[in-house]
Amino acid sequence: MKFIIASDLHGSATSAKRIIEIANGQPLILLGDIYNHGPRNPLPDGYAPMKVAELLNAYKGKLIVIKGNCDSEVDQMISNFTFQDYHEIVTNRSFFFSHGHKFNMDTPPAHLKKGDVCFYGHLHYPFIKEVNGVYFINSGSCSLPVNDSPLSYIILDTAADCITIYDFDGNVIDQLDFKNADK
Ligand SMILES: [Mn+2]
């Protein structure tokens with residue numbers, strides 16, 4: 001099964017529309033910071049939180065949304081999906097999803113073991129890192145990237161046991177293919 005993973009829309013209707021096109025009916029996991037631009041950020045391209053809500057509400061039944069540090073209580077009122085603190089998918093390994101301001105490389109979820117994967121956003125730049133056999137994968141941001149990174153997202157292919165970070169033009173930024181990992 002394939003999951004599209006993206007984060008930190010921050011109210012960009014342009015990016016919401018694009019990521020929904022990319023997901024194309026497949027499950028979409030959003031790692032938080034959905035509607036609000038956030039006091040530390042500039043306004044993203046196409047800033048229109050109600051339009052983002054409309055687009056996401058229409059992607060019914062295929063959406064998993066994590067709560068970020070910019071997501072407020074009132075955001076739930078315009079959404080027909082639930083903001084979750086975290087989400088976990090377990091196959092032969094555990095894939096843990098959160099925004100990243102609480103669980104990250106420095107403070108990982110205690111239950112994760114060697115070979116498990118911890119996904120997050122929050123930092124607005126993408127990476128794949130490994131600490132003590134646990135993988136930490138950041139999707140970057142699909143509206144306000146920093147550190148010269150492009151707009152980015154991830155495809156998690158659980159059947160192929162492969163995780164790929166792409167930019168919005170479809171170029172591969174980084175990849176973790178467990179079939180080829182010498183772990
Ligand atoms: Mn953010």
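The model is predicted, so to speak of local features we need pLDDT of at least 70, and side-chain atom pairs count only at pLDDT 80 or more, while totals for chains, interfaces and linings use all residues. Residue numbers start from 1 along each chain as its sequence is written.

Let's begin with the sheet. It is open, has 5 strands in the order β5-β6-β7-β9-β8, and its pairing is mixed. Strands here are DSSP runs of E, at least two residues, and helices are runs of H or I, at least four residues, numbered from the N terminus; two strands pair if DSSP finds at least two bridges between them. β5 (86–90) and β8 (126–131) sit at the edges with a single partner strand each, so one side of each has no neighbour in the sheet. β5 runs antiparallel to β6 (residues 94–98), and 5 bridges join them. One of the β6 residues, F97, is the bridge partner of H87.

Now for helix α1 (residues 13–23), where A13, S15, A16, I19 and A23 are buried (20 or more other C-beta atoms within 10 Å of their own; exposed is 12 or fewer, partly exposed in between, with C-beta atoms placed from the backbone). These residues lie on the same side of α1, because they cover an arc of only 160° around the axis, taken from the directions from the helix axis to the C-beta atoms. After α1 comes N24, with a positive phi near 50°.

Finally, H101 is in the loop between β6 and β7 (117–120). H101 counts as partly exposed because it has 17 C-beta neighbours inside 10 Å.
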